[in-house]
Amino acid sequence: MNPVAPVHRSLASHSLAARRCGHLASCSGSDSISRGGVHHPHPVTVDLSGASPPTQETQTQGSRIGLEGKFVLPPHRVEQLKDEYGMTADELITALITPASTMARPPISSFSVGAVGIGGSGALYVGCNLEFAHLPLYNSVHAEQFLLVNALHHGEESIQKLAISAAPCGHCRQFFSELDCADSIKFLFFGGSYSLGQLLPMRFKPSDLLDTSTVPLLLKPQDNRVAFTEGSLAQLRAWEHEGRGDFVKAAKEALDECRRSYAPYSGCPAGAAIVAGEGVYAGGYIESAAYNPSMLPLQSAIIDAVIDGMPCYSNVKAAVLVELEGGAVRHHEAMGVVLSAIAPQAAFHTLTVQRM
Ligand SMILES: [Zn+2]
């Protein structure tokens, strides 16, 4: 798979944040996706023994370069920017932290975080934090997680490095432990460059629970062999009869995400899709060896929508969850709670799959 070729849709559609910004003003109440002010952490003194340490000055150049609302830049564009501004890759991703931060949506904390990374293909991926008003904090998405899901949705199989506006929390350090390339990634923040081994030594990792010589880790292609149950196929036929092509499309995309989802610990793959405006956005469940930093399927689908410029949750018309029938891990109840808070107008359907 071409790492830069999106799994679901064209790259051109992933550059609409400017349009989103224009629509934000029209959103109101708890349904809106609020964006907070950008808070920069206080500079701290760090060991600059890492190569090409990014500086505060480099970071401020981000406002000059800008991302123009894009969450992904292909490798050739990354090379163009490096040449144009005379920057190394480390300096470029550090310079883009500030524009990445402006795309965050933190209505609870107003603390915006930006993350900018380079994948194994050379493509650049952006992440920002998402919070959900009136819901428990564990529903939040951190910028580093957003970046990882963004890369996953574009078929990227490894991350070389990422620059972050704040020190990565323990949650994200654990989440990145799921990657096959975990030991080679560089984290750039506060002027230093660090390995995951430095940031989270003696960590609990996939090999503590899995035979990692045979199980593909996060970002590597997954192949969960599942198919719709008879009951779900009947529901699909009913939607087709009713002319609900959008529901059918959402169900099929959620099934694809379920098949691609990363659930090696529970064996319970899942995927979700939301219908918002004229678009269908989908994402898959991602587990962690430590369980708690897992990414829920709805959040993964919301990341997909944010990348495409979804202005606010009041646009969401429907959501479809696809999960394993009788699985030890189920998302139906939890996803219903989140949807009822952020998009109460949305129709919510759960379809089930069984192993083939
Ligand atoms: Zn974090």
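1. Let's start with the parts list. The protein chain has 13 helices and eleven strands. Please keep in mind that this is a predicted model. Of the 356 residues of the protein chain, 48% count as buried. Contacts also reach across the sequence: among those in the protein chain with a separation of 6 or more, 72% come from residues 24 or more positions apart.

2. Is E2 mostly covered or mostly open? It is mostly covered, with six of its six residues buried. You can check this face by face: Gly 114, Val 116 and Ile 118 are buried on one side, and Ala 115, Gly 117 and Gly 119 are buried on the other.

3. Now find the partners of E2. Strand E3 (residues 124–128) runs antiparallel to E2, and five bridges join the two. In this pairing, Val 116 stands opposite Val 126 of E3. E2 and E3 make a hairpin with four residues between them, and Gly 122 in the turn has a positive phi of about 95 degrees. Strand E4 (residues 159–164) is also antiparallel to E2 and is joined to E2 by five bridges. Here Ala 115 has Ile 164 of E4 as its bridge partner. As a reminder, strands of a sheet pair through backbone hydrogen bonds.

4. Next, look at Leu 162. Which residues does Leu 162 contact, leaving aside its neighbours within four places in sequence? They are Ile 93, Ala 115, Val 116, Gly 117, Glu 144, Leu 147, Phe 187 and Leu 188.

5. Leu 162 and Val 116 turn up again in the largest nonpolar core, which has 95 residues. Together with Ala 254, Ala 272, Ala 273, Val 320 and Val 322, they touch the most other members.

6. Within it, E8 and E10 are antiparallel and share seven bridges; Gly 271 stands opposite Val 322 in E10.

7. In helix H13 (residues 332–342), the buried residues are Met 335, Val 338, Leu 339 and Ile 342. Why are they on the same side of H13? They cover an arc of only 100 degrees around the axis, which puts them on that same side. These buried residues pack against strand E8 (270–276), helix H12 (297–307), strand E10 (316–324) and strand E11 (347–355).

8. Finally, a look at a loop residue. Cys 169 is found in the loop between E4 and helix H8 (170–176). It counts as partly exposed because it has 13 C-beta neighbours inside 10 Å, while a buried residue needs 20 or more. Where is His 142 relative to Cys 169? The two are 27 residues apart in sequence and 9.0 Å apart in space, C-alpha to C-alpha.

Terms used
Residues are numbered from 1 along each chain as its sequence is written. This is a predicted model: local features need pLDDT of at least 70, side-chain atom pairs count only at pLDDT 80 or more; totals for chains, interfaces and linings use all residues. A residue is buried if 20 or more other C-beta atoms lie within 10 Å of its own, exposed if 12 or fewer, and partly exposed in between; C-beta atoms are placed from the backbone. Two strands pair if DSSP finds at least two bridges between them. The arc is that of the directions from the helix axis to the C-beta atoms. Two residues are in contact if their C-beta atoms, placed from the backbone, lie within 7 Å. A nonpolar core is a set of buried Ala, Val, Leu, Ile, Met, Phe, Trp, Tyr and Cys residues joined through C-beta atoms within 7 Å.
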